[in-house]
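Look at the model first, then read on by topic.

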Amino acid sequence: MTDLHRILTFAPDVQRNLTAYVRQWFAPEDDVLRHVRQNTVAQGLPEIQIRPEEGQMLQFLTAAVGARRVLELGTLAGYSGIWLARGLPDGGTLITLEMDPKHARVARDHFALAGVADRVEVIEGVALDTLRGPLADAEPFDMVFIDADKPSYPDYLAWAVEHVRPGGMITAHNAFRSGWLVSADGDAKVQATRQMLEAMAQDDRLVSTIVPVGDGIAAAVVR
Ligand SMILES: C[S@@+](CC[C@H](N)C(=O)[O-])C[C@H]1O[C@@H](n2cnc3c(N)ncnc32)[C@H](O)[C@@H]1O
C-alpha cells in the first residue's frame, strides 16, 4: 500500500480537504443556492437537503444520460431540484413529488427565484400514491432521483425500474446512511436502504454502483 493510498483512505482531515476542493472547483454555490439553504431554515423546514457536491454529481449524471425528463421523490425546499433542473437542456422537465404542502409551497418560491419554474412541476401528495396513480402510465423518465421516506425505497426502486428508459439512470440518496449501512444492526430506515441497494445490485436489468460522494448516491443505469 502506498503512502498516498494510506493517507487518502484513512486521514479524516485529508478527506475533508478533498471535499472542500471538490466544492470549491466543481460545486460552488451561487447566491440562489446559498439563499435557498438559508431560507429553508428561516422558514422552519428541516435542514436535510443534499450537499453541494452531491447536487453537482446529480447534475453531472443528468447531463451524462442526456436526460430531458427527470423525476424526483422528496422535494423539501427545492435545493436538489434546482441542481437537477440546471442540468436539463432547454425544453427539459423536472417533476418532483412532495407530501408536505408547506415544503411544496416554499419549493415553488425557490424554483421561481432560481428561474427554473417553467421547467419544474411540483406534485403534492404521498409519493407512492402519485407513482401508482397519475404517473402510472407516464412517458418513461430519463432519470429518477429518490430522496423521500426511506422505508419506501424498495418500492420506489421497483417502480423506477419499470418507468426509466433503457440507458436512463436511477439514483437514490443516503446510500451510506451515515455509515449505519455497514453496522451490525440498523433501524427500519437502514434495513430498507439495504434492501433497495441489494435489489439494485442483483437486478440483471441494471448496471449499478454507489457513488461515494457525501452520504453515498446509489446509481443504476437501465440496460
Ligand atoms: C430528505 S428531504 C428531500 C431533500 C431534497 N431532495 C433536497 O435535497 O433538497 C425528504 C422530503 O421528502 C418528503 N417526503 C417524505 N415522505 C414522503 C412521501 N411518502 N411522499 C412524498 N414526500 C415525502 C418530506 O416531506 C421531505 O420534504
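**Briefing**

The axes of helix 4 and helix 5 come within 8 Å and cross at roughly 30°. Axes are lines fitted to C-alpha atoms, for helices over the stretch in contact, and angles run from 0 to 180 degrees between N-to-C directions. Helices (H or I, at least four residues) and strands (E, at least two) are DSSP runs, numbered from the N terminus. This is a predicted model, where local features need pLDDT of at least 70, side-chain atom pairs count only at pLDDT 80 or more, and totals for chains, interfaces and linings use all residues. Residue numbers start from 1 along each chain as its sequence is written.

**Helix 4 with helix 5**

- The crossing of these two helices is right-handed. A crossing is right-handed if the near helix is turned clockwise from the far one by less than a right angle, and left-handed if anticlockwise.
- Helix 4 brings Gly55, Gln56, Leu58, Gln59 and Thr62 to the contact, and helix 5 brings Ser80, Trp83, Leu84 and Arg86. Two residues are in contact if their C-beta atoms, placed from the backbone, lie within 7 Å.
- By class, this contact has three nonpolar, five polar and one charged residues. Ala, Val, Leu, Ile, Met, Phe, Trp, Tyr, Cys and Pro count as nonpolar, Asp, Glu, Lys and Arg as charged, and the others, Gly among them, as polar.

**Helix 2 with helix 4**

- Helix 2 (residues 12–26) packs on helix 4 (residues 52–64) at an angle of about 55°, with the axes 9 Å apart.
- That angle makes helix 2 oblique to helix 4. Angles under 35 degrees count as roughly parallel, over 145 as roughly antiparallel, 65 to 115 as roughly perpendicular and the rest as oblique.
- The crossing of helix 2 and helix 4 is left-handed.
- Thr19, Val22, Arg23 and Phe26 of helix 2 meet Pro52, Glu53 and Gln56 of helix 4.
- The residues of this contact comprise three nonpolar, two polar and two charged.

**Helix 8 with helix 9**

- Helix 8 (residues 153–163) and helix 9 (residues 188–202) pack at about 25°, with axes 8 Å apart.
- That makes helix 8 roughly parallel to helix 9.
- Tyr153, Pro154 and Leu157 of helix 8 face Ala192, Thr193, Gln195, Met196, Ala199 and Met200 of helix 9 in the contact.
- This contact holds seven nonpolar, two polar and no charged residues.

- Seven strands form an open sheet of mixed pairing, in the order 3-2-1-4-5-7-6. Two strands pair if DSSP finds at least two bridges between them.
- Strand 3 (120–124) and strand 6 (206–211) are the edge strands, and each pairs on one side only.
- Strand 2 and strand 3 pair in the parallel sense over five bridges.
- Thr96 has Val122 in strand 3 as its bridge partner.
- Helix 6 (residues 101–113) lies across strand 2 and strand 3, at about 170° to strand 3.

**Around the ligand**

- Of the 19 residues around the ligand, Gln49, Gly74, Leu76, Ser80 and Ala127 come nearest. A residue is near a molecule or strand if its C-beta atom, placed from the backbone, lies within 6 Å of it.
- Helix 5 (79–86) and strand 2 (93–98) are the elements that give two or more residues to this shell.
- The shell residues divide into nine nonpolar, six polar and four charged.
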